[in-house]
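Hi there,

Here is the structure I promised to pass on. Have a look at it first, and my notes follow below.

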Amino acid sequence: MATGLAAATARRHLLHLPRHRWAYLSSSAATTEGLDGGDGSGGGRVKIFDRDLKRRHRDRAAWAMGETDALADAVADNLLDRLEDCRKAFPSALCLGGSAGAVRRSLRGRGGIEKLIMMDMSADMVRKWQEMENATDDGLETHFVVGDEEYLPIKESSQDTIISCLGLHWTNDLPGAMIQCRLALKPDGLFLAAILGGETLK
C-alpha cells in the first residue's frame, strides 16, 4: 500500500513539472553516444541527428529525385511569395539544402536575385542540381557548394538573402545554424525558412 502511494505521489509530481524542465530532463537522459565525440566526456551539445548518415540519405535521395515534387514545390512557392512583399531587391542569395531544387524552380525572377548559391551536404545532390541547371536557361548566375548548414562555409556579410526550404529541421543545433546565417547576411539582409514543426507527423 505504501509503495503504491509513493508511486502515485511521484507520478503527480512528474506531471506538474514545467514543460521546459521536462524537455531538459529528456535531453540530459541521452547516452554518451549522443554527445559530441561520444567519448563520455560530456563536453558537447546533444547530438540528435547523425549528420554523416543524413548525408548518405541525401546521396540516395539525389538519384531517386524527380524533375518536380508537388509538396516541395508548393512549400517553396509559398515561401518565395515573401520576396514579393519586400520593396528592396536581393541580388545575391544563398539556398541551403533541403528542397533547394524546388526553390530554384520557383524563383522565376522574384526578389531581384541575380546570383544564387545552392548548397547541400551531399555531393551527389549538388551534382544532380548542376545537371538540372544545365537544362535551364534563364540567365541566373548559379553556383554550387558542398557544405553543412551546421558549419556554414560562407563569408560574413556576403549575402543579401538566405533561403532554407524544408532542410533546417535536420540540424542538431538550430539556433547555432541560424546565428551563422545571420552572420553571413549583409546588414538589412533577409532570412527566409520553412521548417517542419513539432506536430507535423501527426
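**Cavity and strands**

The lining of the largest cavity is made up of five charged, three polar and two nonpolar residues (Asp, Glu, Lys and Arg count as charged; Ala, Val, Leu, Ile, Met, Phe, Trp, Tyr, Cys and Pro as nonpolar; the others, Gly among them, as polar). This is a predicted model, in which local features need pLDDT of at least 70 and side-chain atom pairs count only at pLDDT 80 or more, while totals for chains, interfaces and linings use all residues. Residues are numbered from 1 along each chain as its sequence is written, and side-chain values use heavy atoms, with hydrogens and water left out.

A cavity here is a set of points, on a 1 Å grid over the protein atoms alone, where a 1.4 Å probe fits but cannot get out; lining residues have an atom within 4 Å of a point. The structure has one cavity of 30 Å³ or more, and the largest cavity holds about 60 Å³, a volume being the space filled by probe spheres set on the points, which are joined across faces, edges and corners. Its lining includes Arg-51, Lys-54, Arg-58, Asp-120 and Glu-149. Helix H3 (residues 51-64) gives the largest share, three residues; helices (H or I, at least four residues) and strands (E, at least two) are DSSP runs, numbered from the N terminus.

Now to the strands. In strand S2 (residues 115-120), five of six residues are buried, meaning under 20% relative accessible area with a 1.4 Å probe, protein chains only. S2 runs parallel to strand S1 (residues 92-96), joined by five bridges, and parallel to strand S3 (residues 141-146), joined by six; pairing takes at least two DSSP bridges.

Best wishes

Terms used
1 Å grid on protein atoms, 1.4 Å probe; cavity = no way out; pocket = protein on both sides within 12 Å on 5 of 7 lines; lining within 4 Å. Buried < 20%, exposed > 50% of the residue type's maximum accessible area, 1.4 Å probe, protein only.
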